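Take a walk through this protein model, from the overall fold down to single residues. Keep the structure open as you read.

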Amino acid sequence: MEVTIPDGSANNETASAFYPDILPIEPGDTITWVNEDSVMHSVTSGIPKAPEYSGLFFKTGEIDAKKSGTAEITDLEGHFAFYYFCEIHPWMTGKIVISTAPESQPDTALPIVIGHTTYHKGQDVAVTGKVADDYAKIRYQILVYDQSKLVDSIDGHFNDDATLDETVRTDKLDGAKYTLKLVYGLPTQIASTSFDLKDASERKIPGWIKTEAKMWSSNVISDGEFIKTIQYLSKENIIDSQMQNGQKVIPGWIKTNASWWTDDLISDTEFASALEYLVNAGIIQI
């Protein structure tokens with residue numbers, strides 16, 4: 001697991017000293033602090049106001065600029081969270097949470113929910129959830145991990161009814177398995193879910209759909225019949241549809257796009273992406 005020390009963290013007015021400032025880990029994980037700052041840092045467990053406990057659980061020693069330091073937390077019995085700080089710049093603080101600890105278990109059935117288990121590069125991942133009402137309006141973080149490496153984070157606040165609505169963009173992510181961790185509350189609560197991300201080039205449309213599209217573009221079958229084909233593509237997650245069922249109307253000019261695809265002038269990925277855009281923009285309603 002990695003924590004970044006961003007450039008400029010030594011400034012005591014910097015908003016973020018460690019990224020992420022709360023890190024969920026599994027028992028036995030080794031944590032690496034990557035120093036992207038221009039000065040040396042040193043990470044030690046504890047809080048600045050209680051020096052007698054400093055370094056009791058872990059200590060990295062000196063971490064030179066552009067270098068990294070590691071620590072493995074092995075003494076977990078009875079401990080759910082570990083605070084730490086930089087001995088050189090004591091205003092820099094962070095927290096490590098053991099994700100399997102009882103205090104870090106979410107207290108609602110659906111704290112974090114996504115629509116699919118598989119997405120294609122470029123598809124947005126709509127994240128929703130509901131936590132206990134006491135957490136309404138408080139801050140949360142959604143951490144995006146590629147295996148153990150943090151690749152993105154989203155900061156937000158729960159809605160008035162303790163729900164959340166966020167979007168994880170995948171256009172800059174590589175094809176891999178990703179884990180989303182929702183971190184919130186004090187004591188810290190953690191909920192997670194996972195999805196597989198496939199490269200856009202992997203998006204394949206079954207051959208029989210090309211026949212359906214050809215018949216539709218030639219006015220052999222109706223808009224309503226072709227809508228069922230688009231619904232199949234959405235159900236199989238070949239396209240990502242966030243639209244609700246509505247009036248089954250398709251603008252006539254879209255048939256040109258289907259005709260190009262059936263004549264192999266555009267690829268499966270291009271046709272699927274076009275349908276996905278049209279559906280989510282409300283131009284096609286399914």
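This is a predicted model: local features need pLDDT of at least 70, side-chain atom pairs count only at pLDDT 80 or more; totals for chains, interfaces and linings use all residues.

The protein has four helices and 16 strands. Of its 286 residues, 44% are buried. Consider contacts between residues at least 6 apart in sequence: 66% of them join residues at least 24 apart.

Start with the helices. Helix 2 spans residues 223-235, and its axis lies 10 Å from that of helix 1. The two pack at an angle of about 155°. Angles over 145 degrees count as roughly antiparallel, so helix 1 and helix 2 are roughly antiparallel to each other. Their crossing is left-handed. On the helix 1 side, the contact is made by Trp208, Ile209, Glu212, Ala213 and Trp216. Helix 2 contributes Asp223, Phe226, Thr229, Tyr232 and Leu233. Sorted by class, the contact holds seven nonpolar residues, one polar residue and two charged residues.

Now turn to the other pair. Helix 3 covers residues 254-262 and helix 4 covers residues 268-280. Their axes come within 10 Å and cross at roughly 160°. Helix 3 is therefore roughly antiparallel to helix 4. This crossing is left-handed. From helix 3, Ile254, Asn257, Ala258 and Trp261 meet Asp268, Phe271, Ala274 and Leu278 of helix 4. Six of the residues in this contact are nonpolar, one is polar and one is charged.

The loop between helix 3 and helix 4 contains aspartate 264. Aspartate 264 counts as exposed because its relative accessibility is 57%.

Lysine 137 also has a positive phi, near 75°, and is not a glycine. Look for lysine 137 in the loop between strand 11 (125-130) and strand 12 (139-146). Its relative accessible area is 56%, so lysine 137 is exposed.

Is lysine 204 buried or exposed? Lysine 204 counts as exposed because its relative accessibility is 59%. Which residues does lysine 204 touch, leaving aside those up to four places away in sequence? They are Ile238 and Asp268. Aspartate 268 is 64 residues away along the chain, yet the two C-alpha atoms are separated by 6.0 Å.

Finish among the strands. Serine 153 sits in strand 13 (residues 149-157). Its relative accessibility is 18%, and buried means under 20%, so serine 153 counts as buried. Setting aside residues up to four places away in sequence, serine 153 touches Tyr19, Ile142 and Leu143. Which side chain makes a polar contact with the side chain of serine 153? That partner is tyrosine 19, at 3.1 Å.

Tyrosine 19 brings in a backbone feature too. The peptide bond from tyrosine 19 to proline 20 is cis, with omega near 0°. Proline 20 lies in the loop between strand 1 (2-5) and strand 2 (22-25).

How values were computed: Residues are numbered from 1 along each chain as its sequence is written. Side-chain values use heavy atoms; hydrogens and water are left out. Buried means under 20% relative accessible area, exposed over 50%, partly exposed in between (1.4 Å probe, protein chains only). Contact means heavy atoms within 4.5 Å. A polar contact is a pair of N or O atoms within 3.5 Å; within protein, one must be able to donate a hydrogen and the other to accept it, and residues adjacent in sequence count only if both atoms are side-chain atoms. Axes are lines fitted to C-alpha atoms, for helices over the stretch in contact, and angles run from 0 to 180 degrees between N-to-C directions. Angles under 35 degrees count as roughly parallel, over 145 as roughly antiparallel, 65 to 115 as roughly perpendicular and the rest as oblique. A crossing is left-handed if the near helix is turned anticlockwise from the far one by less than a right angle, and right-handed if clockwise. Ala, Val, Leu, Ile, Met, Phe, Trp, Tyr, Cys and Pro count as nonpolar, Asp, Glu, Lys and Arg as charged, and the others, Gly among them, as polar.
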